[in-house]
Amino acid sequence: MTKSSLNNNNGSNNSASDATTDLNLSAAQIEDHPFAPVLPPDATVMMMGTFPPTSDKWAMSFHYPNFYNDMWRIYGKVFFDDVNYFRVGDEKRFDPERIRAFLFERGIASCPTVKQAIRETGNASDKNLTVVTTVNLDEILLQVPKVSALFTTGGKATEVLLNLLPSPPIKSKYPKTNQSINYPYQWHDKNGVTDHVSDLTLYRLPSTSRAYPLALDKKAAAYRTFFEKIGKL
């Protein structure tokens, strides 16, 4: 699925140079996701979010880089009963190498649903994120052949993944937070022809952004329940 933010204006006063300027501006606004997927070859589950904040908000060069995003506090709490397990001492940052080693050890992949996007308001808000290029699941799933479950960290990522299905459900049928849905992803060969179907399960978990109105302990409880269900705890 792709979505463009380019505006089409059919007014008679538009010139070729105006159109070129609009195209150049839109191209300049398009950002590539800055972090490569983390794909342990023995992973059985894959975490899938959307897009990180602007680089001035990063505390590290890794997934969920904002120190005030609670993702790695939740992992610390769920797996080690310590919200600061991945934190670097008293510094306001987490240790990306320690996180990566943990993900490989536990067989948890992390891959964004969005490869390219435009921030319509210049921040990390999903509601103001225009998706330009989505993840290529054919390419990613080949690298993690044991994955049987995907889990999203918010509504936008859930929407992106469901729209990759040949027959996306209507929005009223999307899983609510802490619910799951069958995810019959159809693979395609190099000619775009359907090859086979992977019967995955898609879980939707709470956003770990502090903008999401749920206490940290309740978010951690939801993640704990999920990881227990899929056999990671």
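This is a predicted model: local features need pLDDT of at least 70, side-chain atom pairs count only at pLDDT 80 or more; totals for chains, interfaces and linings use all residues.
Residues count as buried under 20% relative accessible area, as exposed over 50%, and as partly exposed in between.

The centres of phenylalanine 67 and tyrosine 68 lie 5.3 Å apart. Their planes meet at 80°, so the arrangement is edge-to-face. Phenylalanine 67 also has a charged group over its ring: the charged end of arginine 73 sits 4.5 Å from the ring centre. A further arginine is placed over an aromatic face. Arginine 98 lies over tyrosine 85, at 3.9 Å from the centre of the ring.

Aromatic pairs number 24 in the model. One of them joins phenylalanine 35 and tryptophan 58. This pair is tilted, with 4.9 Å between centres and 50° between planes. It links distant parts of the chain, the two residues being 23 residues apart. Phenylalanine 35 lies in the loop between strand S1 (30-32) and strand S2 (45-48). Tryptophan 58 lies in the loop between S2 and helix H2 (71-80). The partners fall in separate accessibility classes. Phenylalanine 35, at 9% relative accessible area, is buried. Tryptophan 58, at 28%, is partly exposed.

Strand S1 also takes part in a sheet. Three strands form this open sheet, in the order S1-S4-S5, with antiparallel pairing. S1 and strand S5 (129-134) stand at the edges. Each has a single partner strand, so one side of each is left without a neighbour in the sheet. Neighbouring strands are turned against each other by 30° on average, direction ignored. Between S1 and strand S4 (residues 114-119), which run antiparallel, there are three bridges. Aspartate 32 has glutamine 116 in S4 as its bridge partner.

Strand S4 also contains arginine 119. This residue is buried, because its relative accessibility of 11% falls under the 20% limit. Its side chain makes a polar contact of 2.8 Å with the side chain of glutamate 31. A polar atom of the arginine 119 side chain also lies 2.8 Å from the backbone oxygen of proline 52.

How values were computed:
Residues are numbered from 1 along each chain as its sequence is written. Side-chain values use heavy atoms; hydrogens and water are left out. Rings of Phe, Tyr and Trp (its six-membered ring) pair if their centres lie within 6.5 Å; planes under 30 degrees apart count as stacked, over 60 as edge-to-face and the rest as tilted. Helices (H or I, at least four residues) and strands (E, at least two) are DSSP runs, numbered from the N terminus. Buried means under 20% relative accessible area, exposed over 50%, partly exposed in between (1.4 Å probe, protein chains only). A charge sits over a ring if NZ of Lys or CZ of Arg is within 6 Å of the ring centre and within 35 degrees of the ring normal. Two strands pair if DSSP finds at least two bridges between them. Axes are lines fitted to C-alpha atoms, for helices over the stretch in contact, and angles run from 0 to 180 degrees between N-to-C directions. A polar contact is a pair of N or O atoms within 3.5 Å; within protein, one must be able to donate a hydrogen and the other to accept it, and residues adjacent in sequence count only if both atoms are side-chain atoms.
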